[in-house]
Amino acid sequence: QKLSTLIKEVGNANDETELSFEYYVTDESIKDKQIEKLPFQIQIHFTKLDGTKCVRSITQFQEVTNELEVAEEEADISVLAPFALKQAANLAQVGEYASSRLNNQLRKQQIQQIYKKASKNNNGNNNQEAIFQNYNNDNNFFESEMCKVQQQEFQDNSLYDDDDNDEDSNLSYNNNNSLKSKQKYYSRKSKRNDKQSRMLWAYQKKNSKNIGKR
């Protein structure tokens, strides 16, 4: 069976270090089958302070569902909210402003729907509510700043075609080798002010503990 592998370089890790990722079924032969669980394994390679090299392996089966209602009831906003902000910031960082804002709005609608259901069913808690409010604040700030960036482009008559991009959510200018994409990346990077650059840098490091902080 073909395995799917994702490698992430973490660097120094502390109590606030969190990693998140999305997954989906790519094997067409099993998409229509009733799958109840999917296997995951994490291998963490790290070095202790004394120089000892270690590997920690964690294997787990994750339950899955085809029912949207069930998925939304079990969803954890403390995971989804920081991930949404990081994805939006990642896309904006490489100059894909339209994709970033569209991605951000779609995820915001999803998170709002989950929060409303949790509140209606009394499944929420104070921590989830605080994270949701902090997420809303961060999201509004992000939209405000990205709107200013695009308005400035319009005033400077330096608009770029945002349809000419790679739709991969892990976009980087290295993944899209067209000259237009590289020009857009470098031009937009140079025109962002310090406040906007700091925002994107901070949002790429969002987690459940620092959400709402800028």
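Here is a chat about how some labels on this predicted model come about.

Colleague: Why is the pair Phe142 and Tyr203 called stacked?

Modeller: Planes under 30 degrees apart count as stacked, and the planes of Phe142 and Tyr203 sit at 20°, so the pair gets that label. Their ring centres are 6.0 Å apart, and the limit for a pair is within 6.5 Å.

Colleague: What makes Phe142 and Tyr203 a tie between parts of the chain?

Modeller: Phe142 lies in helix 4 (residues 126-156) and Tyr203 in helix 6 (residues 194-203), so the pair brings together parts 61 residues apart in sequence. Both residues are buried, too.

Colleague: And why is the pair Tyr185 and Tyr186 called edge-to-face?

Modeller: Edge-to-face needs planes over 60 degrees apart. Tyr185 and Tyr186 have theirs at 75°, so they qualify, with centres 4.9 Å apart.

Colleague: How do you know whether Tyr185 is buried or exposed?

Modeller: Buried means under 20% relative accessible area. Tyr185 has 9%, so buried it is. Tyr186 comes out at 45%, so that one counts as partly exposed.

Colleague: On to charges. What makes Lys184 and Glu96 a salt bridge?

Modeller: The nitrogen has to be within 4 Å of a carboxyl oxygen. For Lys184 and Glu96 the N to O distance is 3.2 Å, and the side chains meet in a salt bridge. Lys184 is in helix 5 (residues 179-191), while Glu96 is in the loop between helix 2 (77-93) and helix 3 (97-120), 88 residues apart. Lys184 and Glu96 are both buried.

Colleague: How do you know that Glu143 and Arg101 form a salt bridge?

Modeller: Their closest N and O atoms are 3.0 Å apart, against that cut-off of 4 Å. Glu143 lies in helix 4 and Arg101 in helix 3, so the pair ties together parts 42 residues apart in sequence. Glu143 has 13% relative accessibility, so Glu143 counts as buried, whereas Arg101 at 22% is partly exposed.

Colleague: Which salt bridge links Lys209 to another part of the chain?

Modeller: Lys209 pairs with Glu18, with the closest N and O atoms 3.4 Å apart. Lys209 is in the segment after helix 6 and Glu18 in the segment before strand 1, 191 residues apart.

Colleague: What makes the nonpolar surface patch?

Modeller: Ile42, Ile44, Phe46 and Ile58 do, over about 310 Å². Strand 1 (residues 37-47) gives the most, with 3 residues.

Terms used
Residues are numbered from 1 along each chain as its sequence is written. This is a predicted model: local features need pLDDT of at least 70, side-chain atom pairs count only at pLDDT 80 or more; totals for chains, interfaces and linings use all residues. Side-chain values use heavy atoms; hydrogens and water are left out. Helices (H or I, at least four residues) and strands (E, at least two) are DSSP runs, numbered from the N terminus. Buried means under 20% relative accessible area, exposed over 50%, partly exposed in between (1.4 Å probe, protein chains only). Patches are made of residues with over 30% relative accessible area and no salt bridge: like charges are joined within 9 Å, nonpolar side chains (Val, Leu, Ile, Met, Phe, Trp, Tyr) within 5 Å. Accessible areas come from the Shrake-Rupley method with a 1.4 Å probe; for residues, only the protein chains shown count as cover.
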